Amino acid sequence: MKWEELSKQKAEFIMSGWNGFPKVNEKSNDLNLRSELMAAFEDTLSFLEINKEDLIKGNYRFDMEYGLKVYQIFNQYPSFNVRTASNNNVWRYLSLEVIPDIVYYRWGMREGRFWKDPRRIWLKAIWWYIHLSWQGSEEATREVLKSNTTDDIVQLVERAGSLGYRVTLTREIIRHYGSLTKEQKGRNNQIFRKVMKLNTARAKTVEPDLHPGGQQSYVKELFDYFENAREEVKSS
Amino acid sequence: MSQAIALYPTIDEQLTTKLGFEPGPFKFSYTTDVVQDMETQYLDVNSSVSLIKFEDPGYQWDPDNKNLIVRRTSYISNPAFLFGQYGVVPKDAELAVGVLWSSKSVNMRGAQKLTTFNAASASPVQIDLDLDFSPGNLKHELYLEMIVYISKPGNAGDNETHLGNQPGLILGTIDTTRIVLEGNGSVFPIVEVAEETMPLWWVVCAWTDILEDGFDEENVKICINTAHKNFDQVYSGKKIQDSPLFLEIMASSLQTIIHKAQESGSWQNVKSGDDLVPGSIGAAIHYFITTFGWDVSSPESLSFSIRQYLEDHM
């Protein structure tokens with residue numbers, strides 16, 4: 001399958017032509033993909049027992065569940081790889097021509113989520129969120145992601161770093177974070193954000209992928225840093 | 001690697017020279033039923049970052065459907081300089097050489113350990129690079145950085161307490177290579193369009209964040225109109241470099257792009273080079289200013305220095 005593209009200029013032009021509600025481009029070669037994505041959308045809504053009109057208020061569980069579906073739908077096409085997933089114009093096409101109605105239910109007419117802001121194109125963000133968190137299966141991935149928030153999506157996806165993502169590392173960080181109890185997360189406000197920041201700083205002097213103790217111990221050190229800091233405060 | 005200020009001695013240029021790092025030739029190949037060798041082309045090996053590309057004699061390699069194997073054997077002739085009081089680690093520590101690879105256009109990076117050695121290892125230390133990227137995982141460029149880091153800390157003696165000694169600590173980069181995978185490596189985004197009612201050429205500046213967005217067609221481009229009556233004169237049948245009109249289009253476009261950049265809130269960063277993502281528009285302009293010596297202090301000096309540079313160098 002060839003993945004159609006849409007440039008920034010064309011995206012802007014198309015969106016400016018919408019009159020309050022998006023128009024689907026019913027080109028025959030995308031209809032299969034659209035019906036798959038629509039079916040997944042309906043499934044997700046009924047699974048979560050919510051209405052599409054409620055999505056605009058923001059809903060992490062929807063982003064995660066739909067992300068899990070979208071991730072697997074795209075990945076079943078052999079031609080869909082990280083090259084495709086890094087091509088903003090492919091995401092612009094998908095967002096504006098294939099499932100603009102779904103993007104609209106989630107974000108209204110926010111152009112940044114359709115095409116304008118490459119890091120925030122919603123469909124792209126949820127695909128990468130799942131990709132950077134993937135634990136080998138849908139169930140295992142859901143298990144580590146289920147108590148996260150929309151802010152965690154931002155923290156993970158938007159901290160690409162100047163040279164890109166270390167995928168095995170982000171998956172390990174997510175695994176570790178997902179294994180914390182609710183109490184542990186509650187005790188340490190915004191620990192995920194703090195860990196991601198610490199990682200950025202630490203990766204300047206130590207390459208996480210080459211840590212002599214292995215990636216797991218590198219990640220454990222990141223989390224322990226805040227856990228220990230908290231205990232020191234408590235005991236002093 | 002970002003330039004963090006280190007509180008311990010690192011491998012600087014002087015020490016790299018003393019080490020006697022001997023880079024070997026790069027070998028590129030891919031697998032079909034057998035291993036297909038490709039030809040390495042050295043575009044620029046005199047800069048601090050070498051620029052190379054490869055060509056498949058069979059024209060079969062493409063980044064979507066073929067893997068890419070990168071091999072290279074290099075040597076460090078005098079590793080002993082790294083150890084002890086005047087080196088970078090305590091004399092009984094163990095060091096490792098690793099490679100950091102990245103392909104910014106797909107937002108992917110990784111690292112691999114290549115070898116370890118200590119003060120007692122035989123010289124030279126041999127470093128075998130052997131990377132195999134599966135199809136569909138690289139785009140435009142592959143960036144390789146060879147680093148030295150601590151694999152096992154030592155026992156710092158009294159005169160070694162100033163040295164770095166933590167496991168994993170990066171002590172420096174000994175070699176950096178930019179490998180062009182697609183395109184010609186000259187990143188200037190020029191596209192041809194056919195629009196009968198439009199002028200001969202124009203510039204599109206469509207970036208959102210100059211510090212981050214790539215210097216590529218998506219965010220900035222020069223459009224040259226093939227449907228224009230004067231299009232023939234742009235290239236005038238000769239080499240691009242020989243066309244004064246083309247040179248003038250380039251000069252005016254670049255000037256327009258820089259003016260637009262000056263209006264953005266991030267211009268100070270572009271000038272100073274702080275917080276620039278490699279490959280971004282900001283990084284490209286920073287390079288023009290610092291390396292080509294373009295003078296951005298006034299419109300007329302910018303106009304002058306761009307043209308002077310292009311006429312001398314194209």
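Me: What should I know about the model and the numbering?
Reply: This is a predicted model, where local features need pLDDT of at least 70, side-chain atom pairs count only at pLDDT 80 or more, and totals for chains, interfaces and linings use all residues. Residues are numbered from 1 along each chain as its sequence is written, chains are lettered from A and ligands numbered from 1 in the order in which they are written, and side-chain values use heavy atoms, leaving out hydrogens and water.

Me: Which residue forms a salt bridge with Glu212(B)?
Reply: A salt bridge is a side-chain nitrogen of Lys or Arg within 4 Å of a carboxyl oxygen of Asp or Glu. Here the closest N and O atoms are 3.6 Å apart, and the partner of Glu212(B) is Arg119(A).

Me: Why does this pair join two chains?
Reply: Glu212(B) lies in a loop of chain B and Arg119(A) in a loop of chain A, so the pair joins two chains.

Me: How far apart are the closest N and O atoms of Asp63(A) and Arg106(A)?
Reply: Both Asp63(A) and Arg106(A) are buried. They form a salt bridge, with the closest N and O atoms at 2.8 Å.

Me: How many salt bridges does the structure hold?
Reply: One network of salt bridges links Glu65(A), Glu138(A) and Arg142(A). Over all chains, the total is 25.

Conventions: Buried < 20%, exposed > 50% of the residue type's maximum accessible area, 1.4 Å probe, protein only. Helix = DSSP H or I, 4+ residues; strand = E, 2+ residues; numbered from the N terminus.
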